[in-house]
Structure formats: structure tokens, C-alpha cells
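Here are a few notes to go with the model, written as numbered points. Have a look at it first, then read on.

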Amino acid sequence: MNDLEILFPTPTRIKVGRRVVAVRSVEFRHFDEFGQAAAELMAILAKGDLAMLYTWAERAGALRSILSTCTDLSGWRINRLPISVAVELMLHVIAQNSRFFGQALANAAPLLAGDQ
């Protein structure tokens with residue numbers, strides 16, 4: 001990932017059924033909501049509790065909000081996704097953004113090492 005890709009990340013394209021969906025990076029204005037939703041999802045997945053996962057996905061307004069801002073799917077399509085597909089898409093959004101933050105941390109390491 002070069003510097004321009006960090007400043008202007010290209011969306012990842014994944015196939016959902018017969019449709020290709022663009023997964024974009026989270027925008028700064030949605031970062032708090034994304035962080036909370038991602039943390040909740042990761043905590044539930046770490047427990048391995050499927051019932052809790054489905055309950056969270058059904059009530060998580062943040063899930064719908066993040067999918068609408070970080071994918072090119074319309075709200076109508078997101079509301080009609082099976083819960084398993086919506087959660088899988090959220091995992092792709094998390095992966096897309098973790099690559100960005102991992103690269104940003106790698107670029108910041110030499111700067112931080114020089115300050116010490």
C-alpha cells in the first residue's frame with residue numbers, strides 16, 4: 001500500500017450472491033459508531049455465542065448504518081439481507097479498515113522511534 005492508497009483507499013470488491021459489492025473505508029464522521037459496532041461484534045464472536053450474535057445483528061442499528069456508509073448497497077437491500085450475510089459484510093468492512101490502520105501504524109513506527 002503506497003502513500004496515495006492510504007490517503008485515497010480503493011474499495012475492495014466482494015461478491016454477495018450474484019452482486020458485486022464495493023467495501024469502502026469508514027469515514028471519520030462514522031468512526032465512533034464503527035468502533036463501537038466492531039468492538040461489540042468481535043466480543044460476541046470471541047465468545048462463540050450464535051444466539052447472542054443473531055440478537056445483536058437484529059437490534060444493531062449501527063450495523064445497518066455502517067453497511068450503508070461503507071458499502072454501495074442501498075438501505076432497501078441492506079434491510080433485506082440475511083443476518084448471516086450482513087454480519088459477513090461487517091467483517092469485510094472491519095478487515096478493510098484494519099489493513100488501513102495497520103499500514104498507518106507501520107508508517108508511524110519510525111517516527112515514534114525517532115522521538116524517544
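1. A word on terms before anything else: a residue is called buried under 20% relative accessible area, exposed over 50%, and partly exposed in between, using a 1.4 Å probe and protein chains only. Keep in mind that this is a predicted model, where local features need pLDDT of at least 70, side-chain atom pairs count only at pLDDT 80 or more, and totals for chains, interfaces and linings use all residues. Residues are numbered from 1 along each chain as its sequence is written, and side-chain values use heavy atoms, with hydrogens and water left out.

2. On the overall layout, the chain has six helices and two strands, running α-β-β-α-α-α-α-α along the sequence. Helices (H or I, at least four residues) and strands (E, at least two) are DSSP runs, numbered from the N terminus.

3. I'd look at α2, residues 31-47, next. Its 17 residues reach 24 Å from first C-alpha to last, close to the 24 Å expected at 1.5 Å a residue (that is, 1.5 Å times one less than the number of residues).

4. Which residues of α2 are buried? They are Phe-34, Ala-37, Ala-38, Leu-41 and Ile-44. Seen down the axis of α2, they fall within an arc of 130°, so they line one face of the helix; the arc is taken over directions from the helix axis to the C-beta atoms.

5. Turned away from that buried side of α2 are the exposed Asp-32, Ala-46 and Lys-47. Just past the helix, Gly-48 has a positive phi of about 75°.
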